Amino acid sequence: MNVNRFAALVRRELWEYRWFMRFPLILSGLFVLFGLIALPLVAFFSGPLHIQVNGLSTHPSGAVLFLALGIVFGLILLCRISSYFLHALHDERMDRSYVFWKSIPVSDTATVGSKVFTGLFIMPATTWLVAVVTGCILLFFLSLITSLLGHDFWGSFWTPGPLVSANLYLAALFFTLPLWFLPVLGWFLFCSAWSNPRKRKRPLLVAIAVPVVLLLLEPIFFGTHVLASWLTRLLIPIRLLFDTQTIHWAGSVMTARWLDWAHLFTMPEFWWGSLAGLLFVALAVYSRHHGESHR
């Protein structure tokens, strides 16, 4: 595969779906705006409201702020990738732009591959960068406000070790979370390629209706709940994100978070799910290659 041609396809995705790429910047702006408004108000009313900062209960590194942002940005990242995959192959047929792109000597595999690369690598990378910058800005405001309240936490908030560890953890989180949900994301991409806009088939409707029907029919005809059990286990990373131990962020807890997160990718569900996700991506390529000539 020609690297320059593939890079051009990725740039096309970034240009055509600018909204998906700009959304983290909008979210970051909202967080910063909230910090600019809320934190000065806390300092201004600290006297009348008797607001005090207890040094013992304040986290010594400020890294927990990055974890909180990581949870929000991580969940929104999954929603963005899901929405992007649902639109990626459907919209080009909706506006008939696929006719132009098919006239260019680029294979369907490269086209779909550029969309997968954009969703699984470009989006997590940009989201991580935006989350880090947002966390630094908010941590600066937090350090400034606590100093106005009479407490000097500049040194403890900006301790390099915990901050670097927290941001590396977020990088691992953003890049591996979509891989865990690859079967769902691959299914969304296949629905985007298969749904026919001329017949008013909405990819979101197909992506939801088919699993719901299977969930209802499986116990009736087979007396099993394999799909329901698999979907339940698919949510393990979400539960891990909201584990209450992470709010303490002690050194041993941070090590435990790394071990628990790494353990997810040794589970059979991840590997079987990855195969299913790759199968759906291959079906998306097949559908894009063979489907349009019959529609």
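Guide: Contact here means heavy atoms within 4.5 Å. By that rule, residues 24 or more positions apart account for 83% of the contacts in the chain with a separation of 6 or more.

Visitor: What kind of model is this?

Guide: This is a predicted model: local features need pLDDT of at least 70, side-chain atom pairs count only at pLDDT 80 or more, and totals for chains, interfaces and linings use all residues. Residues are numbered from 1 along each chain as its sequence is written, and side-chain values use heavy atoms, with hydrogens and water left out.

Visitor: How many helices and strands does the chain have?

Guide: There are 14 helices and zero strands. Helices (H or I, at least four residues) and strands (E, at least two) are DSSP runs, numbered from the N terminus.

Visitor: And how much of the chain is buried?

Guide: Of its 295 residues, 43% are buried. Buried means under 20% relative accessible area, exposed means over 50%, and partly exposed is in between (1.4 Å probe, protein chains only).

Visitor: How many residues are in the largest nonpolar core?

Guide: That core has 58 residues. The ones with the most contacts inside it are W180, L189, W261 and L264. A nonpolar core is a set of buried Ala, Val, Leu, Ile, Met, Phe, Trp, Tyr and Cys residues joined through side-chain atoms within 4.5 Å.

Visitor: Which helix gives the most to this core?

Guide: Helix α3, residues 63-88, with 12 residues.

Visitor: What does W261 touch?

Guide: Setting aside residues up to four places away in sequence, W261 touches Y169, A172, L173, T176, L177, P237, L240 and L241. W261 also belongs to an aromatic cluster with W180, F265, F270 and W271.

Visitor: Aromatics, then. How many pairs in the whole structure?

Guide: The search finds 14 aromatic pairs. Take F140 and F141: they form a tilted pair, 5.9 Å centre to centre with 55° between the planes. Rings of Phe, Tyr and Trp (its six-membered ring) pair if their centres lie within 6.5 Å; planes under 30 degrees apart count as stacked, over 60 as edge-to-face and the rest as tilted.

Visitor: Is F140 buried or partly exposed?

Guide: F140 counts as partly exposed because its relative accessibility is 40%. F141, at 17%, counts as buried.

Visitor: Which pair is stacked?

Guide: F190 and F280 form a stacked pair, 6.4 Å centre to centre and 20° between the planes. F190 lies in helix α9 (residues 182-194) and F280 in helix α14 (residues 268-291), so the pair ties together parts that are 90 residues apart in sequence. F190 and F280 are buried.

Visitor: Now helix packing. At what angle do α3 and α6 cross?

Guide: Roughly 150°, and their axes come within 9 Å. That makes α3 roughly antiparallel to α6. Axes are lines fitted to C-alpha atoms, for helices over the stretch in contact, and angles run from 0 to 180 degrees between N-to-C directions. Angles under 35 degrees count as roughly parallel, over 145 as roughly antiparallel, 65 to 115 as roughly perpendicular and the rest as oblique.

Visitor: Which helices are oblique?

Guide: α10 and α11 are oblique to each other. They pack at about 130°, with axes 8 Å apart. P211, L214, L215 and E218 of α10 make the contact with V226, L227, A228 and L231 of α11.

Visitor: How does α1 pack on α6?

Guide: At an angle of about 60°, with the axes 9 Å apart. The crossing is right-handed. A crossing is left-handed if the near helix is turned anticlockwise from the far one by less than a right angle, and right-handed if clockwise. Among the α1 residues in this contact are F6, L9 and V10, and the α6 side includes A110, T111 and F117.

Visitor: And V112, buried or exposed?

Guide: V112 counts as buried, at 0% relative accessibility. V112 is in helix α6. Leaving aside neighbours within four places in sequence, V112 is in contact with L89, L189, V281, V285 and R288.
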